[in-house]
Amino acid sequence: MDVIPLGLQAALWGLVAGSALLLGASVGYFLRLPAVLASSIMAFGIGVLISALAFDLMDEAFSIGGTGAAVAGFIGGAALYALANAILARAGARERKVSGRAPAASVAASLAIAIGSLLDGVPESAAIGISLLDGEGVALVTLLAIVISNIPEGLSSTIGMKRAGKSAIYIFGIWTAITLACSCAAFLGYTVIGSLAPFWIAAATAFAAGAIFVMLIDTMIPEAFDEIHALSGPIAAVGFLLAFAATHLL
């Protein structure tokens, strides 16, 4: 992809990450994936995301802008995500990542689920765009982590919307819109944030890390544990170690 402008590369990589939501939605709508398998995928994704946060996003934020920028950005991302997620949880989006057994949702809850998925996807996709700023290509470990985490989210949220009586056009229309929003977020992460001073680039990178971290604690970890219990830790550990090794080998 060397001949493709980096801004367009960011948009395409964001599209790839967002398309994992569509993949999960397709599985959730047309197939019945065992809840244990969906939770195992989620647990693996948790481990990969933790590695990406620690050894890619936060490390990059520190190297670009120092400790102050990294800490300020992380706190900002964590706080804003926690506030927005609490509001959405009250509207019915708390269980948007429940693997394979999402409860029937009201119209308001279905919309909250979609908005919650957008809330998850924007900082993740922005992080993809930001990762291109160093000129060394996309951060593959971060991209992989986001793809893995998006599949069970699209799957479980679709089950909830389908049980609420939503049509295929409605469901896949929402996921397509969110996928395109992820692509735009990645593009803006590269073009807009990339034009800022190093402090703000570092803060934005850490901001995405903080938001993803709270998402892990608030949604992914509880839902993975709820289905597979003690297995969630070892599976997440495998994901972490593989991502850690990939980060230092790629």
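A: Happy to. This is a predicted model. In it, helix 1 passes helix 4 in a right-handed crossing.

Q: At what angle do helix 1 and helix 4 pack, and how far apart are their axes?
A: The angle is about 35 degrees. The axes are 6 Å apart. Helix 1 covers residues 6–30.

Q: Which residues make that contact?
A: From helix 1, they include Trp13, Val16, Ala17, Gly18 and Leu21. Helix 4 brings, among others, Leu143, Ile146, Val147, Asn150 and Gly154.

Q: And how do they split by class?
A: The contact of helix 1 with helix 4 has 15 nonpolar, 6 polar and 2 charged residues.

Q: What about helix 4 and helix 5: what is their crossing angle?
A: Roughly 145 degrees. Their axes come within 10 Å. Helix 4 runs over residues 140–163 and helix 5 over residues 168–191.

Q: Which hand does that crossing have, left or right?
A: Helix 4 passes helix 5 in a right-handed crossing.

Q: Who touches whom there?
A: On helix 4, the contact is made by Glu153, Gly154, Ser157, Thr158, Met161 and Lys162. On helix 5, Tyr170, Ile171, Ile174 and Trp175 make it. By class, that is 5 nonpolar, 3 polar and 2 charged.

Q: Staying on helix 5, is serine 183 buried or exposed?
A: Buried. Serine 183 lies in helix 5 and counts as buried because its relative accessible area is 12%, under the 20% cut-off.

Q: What does the side chain of serine 183 reach?
A: The backbone oxygen of alanine 11, at 2.7 Å.

Q: Which residues does serine 183 touch, leaving out those up to four places away in sequence?
A: Ala11, Gly14 and Leu15.

Q: New topic. Where does histidine 229 lie?
A: In the loop between helix 6 (198–228) and helix 7 (232–249).

Q: What is phi of histidine 229?
A: Near 55 degrees. That is a positive value in a residue other than glycine.

Q: Last thing, confidence. What is the mean pLDDT of the protein chain?
A: The mean is 83. Of the residues, 89% reach 70 or more.

Q: Which elements have the lowest and highest mean pLDDT?
A: Helix 3, residues 107–131, has the lowest, at 75. Helix 5 has the highest, at 93.

Q: Why does pLDDT matter when reading coordinates?
A: Where pLDDT is low, predicted coordinates should not be read in detail.

Methods:
Residues numbered from 1 in each chain as written. Predicted model: local features only at pLDDT ≥ 70, side-chain atom pairs only at ≥ 80, totals over all residues. Heavy atoms only, no water. Axes fitted to C-alpha atoms, helices over the stretch in contact; angles between N-to-C directions. Helix = DSSP H or I, 4+ residues; strand = E, 2+ residues; numbered from the N terminus. Left-handed = near helix turned anticlockwise from the far one by under 90°. Contact = heavy atoms within 4.5 Å. Nonpolar A, V, L, I, M, F, W, Y, C, P; charged D, E, K, R; others polar. pLDDT = per-residue confidence, 0-100. Buried < 20%, exposed > 50% of the residue type's maximum accessible area, 1.4 Å probe, protein only. Polar contact = N/O pair within 3.5 Å; in protein donor to acceptor, adjacent residues only side chain to side chain.
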